[in-house]
Amino acid sequence: MEKYLEKSIKEVIKEFPKVSQILDEYNIGCAPCSIGSCMLKDIIAIHSLPIMREIEMMRKIEKVIYPKREVKMPLVNELTQGTSLFQEKKYSPPLKKLVAEHTLIKRYLELISKIIEDINAASRIDKDLILKGIDFIKSYADKFHHAKEERILFKYFDENLDIIKTMLKDHETARGYVKDLFEGLEKEDKIIIIENLNNYNLLLKEHIKKEDEILYLWMDRNLSAHQVGRLFAEFSDADKNIGEVETKKYEEFIFSLEERFLKKD
Amino acid sequence: MFEGCPGASMQDFREGIKETRQENGKRQSQLKQWPIQLHLISPLAPYYDEADVLLSADCVAYALGDFHKDYLKGKSIAIGCPKLDDDKEVYVDKIKSWIEDAKINTLTVMIMQVPCCGGLLHLAEQAVKASKRKIPIKAIVVDIQGGILSEEWV
Ligand SMILES: [Fe+2]
Ligand SMILES: [Fe+2]
């Protein structure tokens, strides 16, 4: 079993496709990961399942890898009683800030399907609506939020770690979608606009979930109290740069979209 | 039935202490300052400058076997008892001065599990609320037999 723990998740799944289902069952969304180079043992460590859930999952994986070996399966119900799949998440103050920023970004993502409906229905493209969305994505989600991750948070860790490389790659991919979205808008091409809004939505939803549920929790477990204090101070400085007025502006923008698209039904 | 103050109720752990592995050698103290009592310290003492500060209830260091190694190390400290000490408004002012004047990096508040000990955390929260500058505060609750009951950012 040890030799498989040292293998990348992609290799393990290639050899034993069933492992992918088992990971899914435990809400470990690594199977569809585009990179998949994290080692199985790191994946288990990083997701911090309640200990009995982890044992249960490992037994299932072992059974797939060594079907002939006698593996004693614990009773699932007995194990899951009283343990929820995710423990209550408590973030350190700096990471709590980032999670709160995700909430605003997710509110925009929730609106994307409505915006697309609007584009489909209207005879002329509402350029202003899309441009304001691009401004929100570029200024708030990227220049403000992703920059705090890239220039501050990730610097506290080894940036060669697969999980961080995956996050950086997601940021890059997102930038590509926004660029294409803007070009689509200039050409007034509905298909390109819709395709890139959809891509951005799907990517960012997954990305934020990975950060909220895995990356940040793992980071919190590895940051010392001293580092948490430094990070908090550095984030506060970065927040001052964008300023309260700007932040308010984007909150109001999202709120106005919700009023427009969600209130009428 | 009224059982009296849980913080003062008598409990005897003698039976529970097991002979653990013999430990050899001496451990170095991690204390890097004097005084430490919250009424005696000055929040402007140089060792509080931008420091990670530990505000500990008096009893904590006696209950925790590894207090120096695991909790005091790398930190500047002050101690107090939220139940027995007088003039606790002074405590709030001093904590506030740590945050605003000494610009401390973090504040870790260590208290015992007994209900009255929560008062120390409450004083710290009052001080943070009154301060313009914000810092992360961590609360660590120690049980009376020296275990860690919880450790979280507030
Ligand atoms: Fe990110
Ligand atoms: Fe993020």
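How much accessible surface does chain A have, and what share of it belongs to carbon and sulfur atoms? In this predicted model, the accessible surface of chain A amounts to about 14,300 Å², and 53% of that area belongs to carbon and sulfur atoms. The secondary structure of chain A consists of 11 helices and 0 strands, so that the order of elements from the N terminus is α-α-α-α-α-α-α-α-α-α-α. Of its 265 residues, 45% count as buried. Contacts in chain A between residues at least 6 apart in sequence join, in 81% of cases, residues at least 24 apart.

Chain B contains both types of element, with 4 helices and 5 strands. Along the sequence these follow the pattern β-α-α-β-α-β-α-β-β. For 154 residues, a compact globule would have a radius of gyration near 15 Å, and the 16 Å found for chain B agrees with this. The C-alpha trace of chain B spans about 50 × 50 × 25 Å along its principal axes. Buried residues account for 42% of the 154 residues in chain B. Among the contacts of chain B with a separation of 6 or more, 70% are made by residues 24 or more positions apart. Chain B exposes about 9,300 Å², of which carbon and sulfur atoms supply 52%.

Aromatic side chains were examined next. Over all chains, the count comes to 10 aromatic pairs. One of these is formed by F136(A) and F253(A), whose ring centres are 6.2 Å apart; because their planes meet at 45°, the pair is tilted. F136(A) belongs to helix 8 (residues 127-152) of chain A and F253(A) to helix 11 (residues 225-261) of chain A, so the pair ties together parts that lie 117 residues apart in sequence. F136(A) is buried, its relative accessible area being 0%, and F253(A) is likewise buried, with a relative accessible area of 12%.

A further pair is found in chain B. The ring centres of Y48(B) and W98(B) are 5.2 Å apart and their planes lie at 55°, so this pair is also tilted. Y48(B) is located in the segment before strand 1 (52-57) of chain B, whereas W98(B) is in helix 3 (residues 88-100) of chain B; the pair thus links distant parts of the chain, 50 residues apart. Y48(B) and W98(B) are both buried.

K138(A) lies over the face of F182(A), at 5.9 Å from the ring centre, and K148(A) lies over the face of F235(A), at 5.1 Å from the ring centre.

The interface between the chains remains to be described. The size of an interface is often expressed as the accessible area lost when the parts come together. Chain A and chain B bury about 860 Å² between them, with 62% of this area on carbon and sulfur atoms. On the side of chain A, the residues that lose the most area to chain B are K90(A), A225(A) and F232(A), which together make up 45% of what that side buries. The contact involves 10 residues from chain A and 9 residues from chain B.

Note on methods: Residues numbered from 1 in each chain as written. Chains lettered and ligands numbered in written order. Predicted model: local features only at pLDDT ≥ 70, side-chain atom pairs only at ≥ 80, totals over all residues. Heavy atoms only, no water. Phe/Tyr/Trp six-rings, centres within 6.5 Å; stacked < 30°, edge-to-face > 60°. Helix = DSSP H or I, 4+ residues; strand = E, 2+ residues; numbered from the N terminus. Buried < 20%, exposed > 50% of the residue type's maximum accessible area, 1.4 Å probe, protein only. Lys NZ or Arg CZ within 6 Å of the ring centre and 35° of its normal. Rg over C-alpha atoms; globule rule 2.2 N^0.38 Å. Contact = heavy atoms within 4.5 Å. Areas by Shrake-Rupley, 256 points an atom, 1.4 Å probe, with all protein chains shown as cover. Buried area = accessible area lost by both parts, 1.4 Å probe.
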